[in-house]
Each structure stands twice: as structure tokens, then as C-alpha cells.
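Open the model in your viewer and keep the selection tool at hand.

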Amino acid sequence: MALTGRTALIAALGAPVAGLLPGWHGILAVAVPLLLAVLADLALAAPVRGLRLERAGATSVRLGEDAEVRLAVTNPSGRPLRARLRDAWPPSSWRPGTQVAASRHRLTVPPGERRRLTTVLSPTRRGDHRPVRVTIRSHGPLGLAARQGSHAVPWTLRVLPPFTSRKHLPAKLARLRELDGRTTLLTRGEGTEFDSLREYVPGDDVRSIDWRATARQSAVAVRTWRPERDRHLLLVLDTGRTSAGRVGDAPRLDAAMDAALLLTALAARAGDRVDLLAFDRAVRASVRGRTGQDTLPAAVEAMTRLEPTLVETDMRAMSAAALAGAPRRSLIVLFTGLDRAPVEAGLLPVLPRLTHRHTVLVAAVGDPRVAEMARTRGTVPGVYEAAAAAQYAAERRHTAERLRRHGVTVVEAPPEDLPPAVADAYLSLKAAGRL
């Protein structure tokens, strides 16, 4: 049983009346009627334990979007239910400051009927979110007392990566259609499929001239090519400590996943096969053998529960896992950092094993704050910030140059620019016939 604020108010108002009567008579004159009213009110309140609760609604949502989960409350008793209800979920299920208003509801359910209410969730973390409990406080008609109890009503809301780079997909697909020969622009290069012959125009690569066809006609003929399909891409997400560093409001891993999703969607539409590997000292997620329209949903599902781990990535083990996942010539896209120490101690020693058979692209998340620091002037702290930013940028350029000497394509960009930059690098490699 729970007493309400109305009961306390009535007791306070009755205190002057109690003071007019001598001894216990005054107290009993107020307490007894009040107690009887509370007990009567409690007896008329609908029982809580017998209520039937069921959930329905959203089972998945992208991070940053709202999800509606409905709760149906059935009152099988013969008394009307006048209640306050709290639908408790983990704190990360709401944006800061919105939890109290979103989780509390008022409802009235007549005897034998059912009412539905909706809880709007605004998750701030990826992964599976499950409710804690539903707490119901059933009031009597006078509002003096209430019955309270809790119910476990299971549900799972899966919060998926946001895929904000999806807006770049139409432009990249248009470029892909050009490379695929669906427009007048056709590419030429080693490793592509022969498409047709056309007349030579100034600026064409002389290596594309078909001399036999030229000998049979009066004009110089050149071969046109279309990019090969069914190439293999292996996307490797480094989930070690460098991926936990925050750029803006999110860890580097989130920006890397967004770029990986855009590349997955683009490559799948290009007819290429895309596999995914998330690794630090062990395999954290893996997607293999998916094709066509199944590729992107599988990648989204695998990334849903990924979180950075505060351990140093074992690059040797990661390289072995990547080679095992790419038995034939592939494009290996490694999403990692360009910090000097981890690259020199971990990545550079294993690069020859990767580049011997595969094309390797390293994608790194840049920090726009460094560029802001480099422009700081006018104060002593500002000069120190600018010097630190210049040293930081010089080290990363040096690291990127060492990777390029091994034949690696390096892409570094701020979080919002990394996905289209990686997609452009993929299309350039495809146009050059290097896949």
C-alpha cells in the first residue's frame, strides 16, 4: 500500500480540529475517519498483480532516430484502474533530460477492458536495449491510497548504426554507372573486360589501339573496356584502442563503420562481393559469403554490437585473419589510425604479406580540431597549439608516405568526409583496373 500526497494534506488540515478536543479524543476524531477513508479507497483500487501487459511496436531503429514501443494494459478485475505507470528502460534508451517525461504515463482502464499507451525511445547507443520493468501505481477513487507493483514485460529494441553517409550513395552510383558503361564514358585499363571498338580521338591511351582492327578499316580503332564484376573486397575494422579516440562527439570507430557501410552498399551494387572483419586481438565480428542485397543488412547487423576495446591491436594476428579471409586477389580496406607508433610497430612489418597478393587501402579518420589548432594565433597558448598541430600533421604525413611506398592507397579525412573519400578511392581503383 502507498499513501498519496492527498492523504497527507487532509491530515494536515485536520490538525487544528484535533487541537480543539482534549487528549486522545481530538486525534482519534481525525485519525479514525481518515484511516477508514484510506482503507475504503485502497479496497476500491484495482489490483496490480492481476493486470495483463503485452508489448508491440518497433524492434529495430537506427541510432539518432526515435522508436515507438506500445504497451497494452488489460484490466481483468471488476474495478476500474486509475493508475500512473512507469515504463523503465536503461538510461541510454533516451536522450539526456527526456527520460522522466517519456517513461511516465497516466491511464484509466475500465473493468474488463484494455488500453494501449506508447513509449517513445530515443537511443543514444548502439546495440540491444531491453526494458527493466513496468511499475504501476493503482489509485482508489478518492486518491488517498494506492496499490503498487511491478511487471516484467520483455522486449528487445536493436539499435543499428546510423548510416548517415547514405546521402552520398546516389552520386557514387551515378559514377559507377559511368564506369560500368551505361553512359557514353567507358574506361580503359589493365584488368578490365573488353567492351567494344570505337574510333580513336586525341587524348586516348595509345596502348588501347587495336592495330588489327585499324588495318581492316580506314580509321584508327581503340578498344573500350568496362570494369570487371565479381571482384572481392575485404573490409577490416580495427576495434583496438586507437578506434576509441573521440573525434567530435563520437569515437573513431563510428566514423569508420559509416564509411564501411557506404562502401559495402556501393560495391554490392557494382556486383562485387564484400566481406567484413572486425578485429583487435580477436575476431569481434565477421560477415562472409553474402551477395547482392543480403550484404548490406548483414554488415549492419554485425556492426550493431561493435564497441572499441582498450587494448593494443595485434596487427600480426589481424593480417593472418585478413589473409585467411581473402584466399584470392582482393581489395583489402583497412580502417585504422595513422598514429606513428602503432603503424610503425604493428602495421608496417606485416604489410609485405598483404601487398604481395592484394591491393591494400588504408582509411583513417582525421580530426578537424587539428586544423583549427593549426590556425590559432595571437596568444602564447595559441602558438603552442599551432606548433603541436603542425608536428602532429607532419608525423601523419610521414606515416602515410611510408605506407604509400609499400603500394598502399591512403585516405584520411574528417568523419563526415571519410565515407565519400573511401568510395571515390574504390571507384578510382576500379576504373584503373587494379581490383
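Colour by pLDDT to begin. This is a predicted model, and its protein chain averages a pLDDT of 85. Of the residues, 85% score at least 70.

Select helix H1, residues 5-20. Among the elements of the chain, H1 has the lowest mean pLDDT, at 48. Strand E19 has the highest, at 97. Next, pick out residues 17-21, where pLDDT stays under 50. The model has six contacts beyond four places in sequence for that stretch. Then go to residues 182-192. There too pLDDT stays under 50, and the model has 34 contacts beyond four places in sequence. Where pLDDT is low, predicted coordinates should not be read in detail.

**The sheet**

Now show six strands in the order E18-E17-E14-E19-E20-E21. They form an open sheet with mixed pairing. Which strands stand at the edges? They are E18 (283-287) and E21 (409-413). Each has a single partner strand, so one side of each is left without a neighbour in the sheet. Look along the sheet for its twist, which averages 15° from one strand to the next.

Zoom in on E17, residues 273-279. Four bridges join E17 to E18, and the two run antiparallel. Select Leu 276: the residue standing opposite in E18 is Val 287.

**The cavities**

Switch to a cavity display. A search of the whole structure finds three cavities of 30 Å³ or more.

Select its lining: Asp 238, Thr 242, Ser 243, Arg 252, Leu 253, Ala 256, Phe 335, Thr 336, Gly 337, Ala 363 and Val 365. Helix H6 (252-269) and strand E20 (359-365) are the elements that give two or more residues to this lining. H6 gives the most, with three residues. The lining of the largest cavity divides into five nonpolar, four polar and two charged residues.

Move to the second largest cavity, with a volume of about 60 Å³. Its lining is Val 236, Met 315, Met 318, Ser 319, Ala 322, Ile 332, Leu 334, Leu 347, Val 350 and Leu 354. H8 and E19 are the elements that give two or more residues here. Which of the elements gives the most? H8 does, with four residues. Colour this second lining by residue type: nine are nonpolar, one is polar and none is charged.

Notes:
Residues are numbered from 1 along each chain as its sequence is written. This is a predicted model: local features need pLDDT of at least 70, side-chain atom pairs count only at pLDDT 80 or more; totals for chains, interfaces and linings use all residues. Side-chain values use heavy atoms; hydrogens and water are left out. Two strands pair if DSSP finds at least two bridges between them. Axes are lines fitted to C-alpha atoms, for helices over the stretch in contact, and angles run from 0 to 180 degrees between N-to-C directions. pLDDT is the predictor's confidence in each residue, from 0 to 100. Contact means heavy atoms within 4.5 Å. On a 1 Å grid over the protein atoms alone, a cavity is a set of points where a 1.4 Å probe fits but cannot get out, and a pocket is an open set with protein on both sides within 12 Å along at least five of seven lines; lining residues have an atom within 4 Å of a point. Grid points are joined across faces, edges and corners, and a volume is the space filled by probe spheres set on the points. Ala, Val, Leu, Ile, Met, Phe, Trp, Tyr, Cys and Pro count as nonpolar, Asp, Glu, Lys and Arg as charged, and the others, Gly among them, as polar.
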